Every structure is written in structure tokens, then in C-alpha cells.
Amino acid sequence: MQNVIAFVLSTLRWADLLWAIGFLILAIATALLHFVLIGLLGLVLVPVSLGVLLMGYLLGVVDSPTPWKQGIAGFAIFLIGILILIWTSVTATTIAYDYATQPAFGFAFSTFNLVLLALGWLTSVASITLSFTLKSSWSGMRCLFWGTVALVLPAVSLLFFWILFLTGQILEA
């Protein structure tokens, strides 16, 4: 048993673990924001997820031999991508909230907001993937995997929102 634990700990990439935890916390936090009491928990969890994701990025920088300028540029691009991803997830759940609280035929999509949401979504995925590819020692599959996780995150946040809504959580006081 100790050999298995030692093998897992020696092969585990702590940065990847922190990113997985951070992205999951971010999806849950942005889904909680529009509910009455549990929305306060979402407000606390958004900066926590940002901190976990940034710590994961810094741990990923430590284990990669890249020039310091490339590391700083990658960190800045990663931070911008994560902030845009937070905005995209909040906007997606806001659209779902508006849909859930409007009368039957009173809800209308604004094409400008929908296009802005799509552009933000693609920009966040591109910038997160680009920040990972700036690390020369990483494989393309690893960069593509985390870009795909960022692509799926707003949809997962919407799924959590609809699950909470359909289970009867209170949206308005």
C-alpha cells in the first residue's frame, strides 16, 4: 500500500490537481451567485478559486524550465484568461437566471450580449491555452486538455445552476 501511495505522490502533478480543484470551485461558485443565501457562499468562493488557480499556475512555473520573461507573460495571459472565464461563467448563469425569473414570453435574448458572451468564452479559452503553451516543456495534449476544461466550465456552471434551480432553491427574496 505504501508503494502505491509513494508512486501516486511521485507522479502527481500538484499544479494539475490545484487547477482541477480551482476550476471545480469556480463552476460551483458562479452557479451559486444568483441564489438568496447560498449566493453569499458563491461570493466567497470566487476569490478562493482564483487564488487556487493562480497557485496552481505558479507551481506549474516552478517545475518548468522557461525564461523568466516567458513565465511573466504566461502568468499575465493566464490571469486575463481566468478573469474573462469568471466573467463568462457569471454572464452565462445571469442569462439563465433571467430566463428562470421572467414571465413565460417576457424573456428575449439580446444578440449583442450573446455575441459578447461567445467572444469572451473563446477569448478565455484561447488565452488560457496560450498561457499553457508558453511553457516550452509541456506537451501539446496537456495544454489542449486544460483549454478544453476552460471551454467546458461555463456549461458546467450552467448545469449546476439548473440543478439548484430545479431542486427548489430560492432565487429571489
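Helices here are DSSP runs of H or I with at least four residues, numbered from the N terminus. This is a predicted model, where local features need pLDDT of at least 70, side-chain atom pairs count only at pLDDT 80 or more, and totals for chains, interfaces and linings use all residues. Residues are numbered from 1 along each chain as its sequence is written, and side-chain values use heavy atoms, without hydrogens and water.

**Stop one: Thr88.** Select helix H4, residues 68-101; Thr88 lies there. Is Thr88 buried or exposed? Thr88 is buried, at 1% relative accessible area. Buried means under 20%, exposed over 50%, and partly exposed in between (1.4 Å probe, protein chains only). Now show the backbone oxygen of Ile84: a polar side-chain atom of Thr88 lies 2.8 Å away. Beyond neighbours within four places in sequence, Thr88 is in contact with Leu117, Gly120, Trp121 and Pro154. Contact means heavy atoms within 4.5 Å.

**Stop two: the core.** A nonpolar core is a set of buried Ala, Val, Leu, Ile, Met, Phe, Trp, Tyr and Cys residues joined through side-chain atoms within 4.5 Å. The largest one has 24 residues; Trp19, Phe23, Phe78, Ile82, Leu85, Ile128 and Phe132 touch the most other members. Helix H2 gives the largest share, 7 residues. Next, pick Leu85. A second, separate core of 6 residues includes Ala31, Phe35, Phe161 and Leu171.

**Stop three: Leu17.** Move to helix H2, where Leu17 sits. Leu17 is partly exposed, with a relative accessible area of 33%.

Terms used: Helices (H or I, at least four residues) and strands (E, at least two) are DSSP runs, numbered from the N terminus. A polar contact is a pair of N or O atoms within 3.5 Å; within protein, one must be able to donate a hydrogen and the other to accept it, and residues adjacent in sequence count only if both atoms are side-chain atoms.
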